[in-house]
Protein chains: 2
Amino acid sequence: MTLPVGARIGIIGGGQLGRMLAGAAARLGFDTSVYCPERDCPAARVAADNVVADYNDLPALLSWAQTCDVVTYEFENVPVGAVNHLTASGCLVRPGARSLEVAQDRLQEKTFLSDCGVQTAGFRPVNNLTDLASALEELGGSGILKTRRDGYDGKGQRRVSAGDDLEGAFADLNAQPCVLEEIIPFTCEVSTLVARSITGETLCYDVPRNEHVDGVLHRSIVPSGADAGIEEAAREAAVRVADALGHVGVLALEFFVLEDGQLLANELAPRVHNSGHWTPEACVTGQFEQHILAVSGWPLGPVTRLFDAEMGNLLGADALTPFEVSPQGSIVTLYGKQEAKAGRKMGHWVRTGF
Amino acid sequence: MTLPVGARIGIIGGGQLGRMLAGAAARLGFDTSVYCPERDCPAARVAADNVVADYNDLPALLSWAQTCDVVTYEFENVPVGAVNHLTASGCLVRPGARSLEVAQDRLQEKTFLSDCGVQTAGFRPVNNLTDLASALEELGGSGILKTRRDGYDGKGQRRVSAGDDLEGAFADLNAQPCVLEEIIPFTCEVSTLVARSITGETLCYDVPRNEHVDGVLHRSIVPSGADAGIEEAAREAAVRVADALGHVGVLALEFFVLEDGQLLANELAPRVHNSGHWTPEACVTGQFEQHILAVSGWPLGPVTRLFDAEMGNLLGADALTPFEVSPQGSIVTLYGKQEAKAGRKMGHWVRTGF
């Protein structure tokens with residue numbers, strides 16, 4: 001279904017991604033309504049309307065969703081059951097629950113990627129210490145132990161080697177179901193941002209190279225400097241994933257690039273992504289507007305990149321003096337977060353090569 | 001005073017200009033609050049907060065303004081007395097009442113422009129039929145009779161000639177105080193958009209050529225095609241006006257260009273302007289963001305134009321099928337107005353030459 005001009009788009013989640021989605025929706029003349037458990041969240045403060053309630057409060061969620069012409073989400077930890085409840089009650093949710101389900105659980109995610117023919121690092125499920133010991137042995141004596149759920153920005157993971165205090169490491173992660181991932185000697189990280197429309201049309205942005213510091217994205221740089229063949233393979237993999245999910249909207253797929261040019265998919269985000277924050281400044285259609293176009297059933301916009309670009313995150317107190325800490329000539333975006341906690345994503349800058 | 005990151009900007013007026021200002025403010029991490037007499041106005045639906053009350057309701061206006069770190073306005077018919085009341089009560093209003101006062105009254109405006117050394121068409125005040133008859137004689141037997149106040153988009157004006165039913169024409173304008181303006185045989189119209197900071201720094205955008213249909217802006221095209229000397233004179237005049245007003249924010253000055261290259265200033269708008277709607281797509285810093293930077297006391301952004309551009313308004317029902325009626329490859333902005341009345345400004349498109 002294609003939304004009429006002026007329709008109402010519901011956004012589940014109230015962070016900076018929701019805020020930028022709401023801004024893009026407003027530019028297209030849509031009203032937005034934000035559903036978020038926290039009062040005064042960044043997205044709610046730019047939306048026509050908002051509801052403060054828990055994601056698992058199904059009656060509240062449903063009665064909110066029924067005021068919206070389409071519902072989308074800005075983060076991947078929305079409960080799948082909640083989205084299924086909305087869909088079963090006749091609400092239009094884009095992207096659908098399948099994209100969430102796969103992205104929420106590292107084990108499902110990696111299995112799904114493999115099923116799509118997209119290679120990942122070796123991995124083993126770890127439900128207990130016995131699993132961990134045998135997984136370590138199978139993956140060559142070391143690996144990264146990650147919780148299956150709720151990890152982000154390097155949280156919920158530990159590097160472990162045979163001979164370490166495995167019990168302690170597993171306990172540190174609350175003995176949750178985990179996966180042990182093979183350690184990959186990558187030369188760089190890249191990501192693909194693909195948009196998929198309700199008709200199955202897909203468009204990929206140019207591939208950025210991503211630099212992380214302490215597990216948090218620090219810089220995205222485009223062009224990536226990787227071989228054209230590598231970039232093409234990354235785009236092709238992301239399209240296959242989006243198609244297999246029947247995804248509608250923007251989706252990001254992160255990769256490790258090995259010395260020999262091999263790509264290993266690392267993480268899937270069923271939404272707009274930090275590594276695409278340079279797109280509004282550098283491309284004809286930015287990722288936020290693109291996501292809104294896709295979920296509203298409107299035709300996708302051109303992803304033509306007009307400039308070379310570099311994006312950097314503003315963390316914590318850096319966002320209090322954004323013009324001082326960003327490179328000269330940058331375009332600064334701030335998220336309106338009320339407390340500049342250390343390490344918190346507060347804004348970003350984009351420097352384009354115009 | 002320079003606003004801290006995350007400060008609250010009050011916007012008086014709730015139309016599309018306010019909506020786009022609020023969007024730009026949000027991108028810079030500011031909260032906005034909109035004061036407007038109509039419920040559910042376009043700007044209120046993208047603001048953190050809004051108050052629905054009359055512009056002349058001074059207690060409501062003041063108590064709202066006191067929740068804001070700075071107050072700005074999106075249209076020039078805010079009562080000057082109301083703004084003076086805010087300023088006298090210690091509120092920061094940018095631009096100040098002087099910019100409003102001059103722009104609200106065609107007689108003051110033209111007198112002020114002349115005092116700045118900026119030439120206008122010949123004009124005479126008209127308070128009654130006797131004035132009208134003698135003004136007509138002095139201006140060569142014909143002219144455009146315009147109400148001193150509340151005219152916009154070609155409303156509140158009549159073309160009159162000696163021998164016409166002058167009484168009828170004056171009565172059509174409710175026998176309000178008017179000016180009679182000389183009819184100018186112009187070859188084209190251009191405008192200057194100038195931004196002025198709290199420190200008095202000024203930056204001018206490239207000058208667009210403006211085409212009107214039925215008194216309403218139809219297209220703005222940049223570069224204008226006018227001689228460099230004409231554009232330079234238009235910019236120089238706008239800077240003189242902004243300086244003389246002590247203006248803070250964006251200001252637009254419209255001109256007629258005569259066959260011999262002479263410029264006559266036509267209208268002053270103490271705010272962002274329809275003829276600058278191409279700037280967000282074509283320039284490093286768009287006019288809305290620039291206005292927010294100026295009124296927040298932050299440094300102005302570069303006005304470098306990256307592309308040639310053309311902007312067209314979407315009026316009435318055209319905005320219901322914006323992609324069908326806009327030129328191929330346009331970037332469409334819609335204002336979220338709930339009723340597509342004939343002739344109403346509902347959105348615009350920008351086509352850039354990238």
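In this predicted model, chain A is superposed on chain B by a rotation of 180° with 0.0 Å of shift along the axis, at an RMSD of 0.0 Å.

Chain A and chain B each give 25 residues to the contact. Residues are in contact if their C-beta atoms, placed from the backbone, lie within 7 Å. On the side of chain A that touches chain B, two or more residues come from each of α1 (16–27), α11 (322–325) and β16 (331–334). Helices (H or I, at least four residues) and strands (E, at least two) are DSSP runs, numbered from the N terminus. The largest share, 4 residues, comes from α1(A).

Strand β16 of chain B (residues 331–334) is covered on both faces. B:Ile331 and B:Thr333 are buried on one side, B:Val332 and B:Leu334 on the other. Buried residues have 20 or more other C-beta atoms, placed from the backbone, within 10 Å of their own. β16(B) runs antiparallel to β17 of chain B (residues 345–352), joined by 4 bridges. Strands pair if DSSP finds at least two bridges between them. B:Leu334 has B:Gly347 as its bridge partner in β17(B).

Residues are numbered from 1 along each chain as its sequence is written, and chains are lettered from A and ligands numbered from 1 in the order in which they are written. Local features need pLDDT of at least 70 and side-chain atom pairs count only at pLDDT 80 or more, while totals for chains, interfaces and linings use all residues.

Note on methods: Two residues are in contact if their C-beta atoms, placed from the backbone, lie within 7 Å. Copies are superposed by least squares on the C-alpha atoms of residues with pLDDT of at least 70 in both. A residue is buried if 20 or more other C-beta atoms lie within 10 Å of its own, exposed if 12 or fewer, and partly exposed in between; C-beta atoms are placed from the backbone.
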